[in-house]
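Reader: Could you walk me through how this chain packs together? I'd like to start with the inside and then look at the helices.

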Amino acid sequence: MSNILIINAHHYYSFSKGELNAALAAKAVEVLESRGHATRLVDVDEPWDANEQVQNHLWADVILVQTPVNWMDVPWTFKKYMDDVYTAGMGGELCNGDGRSSKAPALGYGTGGSLHGKKYMLSLTFNAPKQAFNNPREYLFQGKSVDDLFFPLHMNFRFFAMEGMETFVCYDVMKNPTTKSDLVRFVAHLEQNFEPCLT
């Protein structure tokens with residue numbers, strides 16, 4: 001059995017109530033527990049305690065971040081979660097500072113992570129269509145991929161010495177939603193990345 005911390009990073013707006021992200025987070029709990037994994041689900045729109053969340057990260061073998069993409073980034077509420085929780089863990093639980101020493105201050109930045117052997121997965125919901133990425137003819141992203149766009153979030157987890165798993169993406173969720181097929185793809189993605197646990 002492995003321990004999976006699932007973070008629902010959606011922040012409520014009247015035009016974006018969070019049904020898809022909530023459904024994906026709930027589906028992750030259902031699928032992973034059916035395969036013998038233990039899960040904890042955190043909703044960043046609900047009250048949380050930074051030190052308790054540090055303990056959740058220490059408990060987890062995998063962090064699954066379920067988030068919408070707001071203005072090319074995560075919602076501000078999840079950024080606050082990261083600022084508070086990850087700062088609380090900088091004394092050694094999640095990392096020992098930034099990995100540098102006063103003897104060689106120019107070397108080793110970002111190598112102080114304490115979470116060796118742990119993994120993370122991003123599951124993202126986009127208004128952007130799939131065709132907007134990996135295509136240099138498309139205006140906005142200039143040929144960049146989803147993971148290129150989310151390089152800073154990948155680096156947050158790398159800072160703690162965590163290893164990335166394959167990113168899952170739902171595209172065009174407002175103008176051309178395909179929720180049923182997205183959930184089917186998500187189940188397949190989870191099953192591909194999380195082996196059943198032997199009992």
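Predicted model: local features only at pLDDT ≥ 70, side-chain atom pairs only at ≥ 80, totals over all residues.

Reader: Which residues have the most contacts inside the largest nonpolar core?

Author: They are Ile 63, Phe 78, Phe 126 and Phe 157, in a core that has 37 residues. Two or more residues come from each of strand 1 (3-8), helix 2 (50-59), strand 3 (62-68), helix 3 (76-88), strand 4 (119-125) and helix 5 (151-159), and helix 3 gives the most, with 5 residues.

Reader: And what is Ile 63 in contact with, leaving aside its neighbours within four places in sequence?

Author: Ile 63 is in contact with Leu 5, Ile 7, His 57, Lys 119, Tyr 120, Met 121, Phe 157 and Met 162.

Reader: Switching to helix 2, which of its residues are buried?

Author: Ala 50, Gln 53, Val 54, Asn 56 and His 57 are the buried ones. They lie on the same side of helix 2, because they cover an arc of only 155° around the axis, and they pack against strand 1, strand 2 (38-43), strand 3 and helix 3.

Reader: What does the side chain of Asp 49 reach at the start of that helix?

Author: A side-chain oxygen of Asp 49 comes to within 3.2 Å of the backbone nitrogen of Asn 51.

Reader: Last topic: how do helix 1 and helix 6 cross?

Author: The axes of helix 1 (residues 19-34) and helix 6 (residues 179-193) come within 10 Å and cross at roughly 35°, and the crossing is right-handed. Among the residues that meet there are Leu 20, Leu 24 and Val 31 from helix 1, and Leu 183, Phe 186 and Leu 190 from helix 6.

Technical notes
Residues numbered from 1 in each chain as written. Heavy atoms only, no water. Core = buried A, V, L, I, M, F, W, Y, C linked by side-chain atoms within 4.5 Å. Buried < 20%, exposed > 50% of the residue type's maximum accessible area, 1.4 Å probe, protein only. Helix = DSSP H or I, 4+ residues; strand = E, 2+ residues; numbered from the N terminus. Contact = heavy atoms within 4.5 Å. Arc of directions from axis to C-beta. Polar contact = N/O pair within 3.5 Å; in protein donor to acceptor, adjacent residues only side chain to side chain. Axes fitted to C-alpha atoms, helices over the stretch in contact; angles between N-to-C directions. Left-handed = near helix turned anticlockwise from the far one by under 90°.
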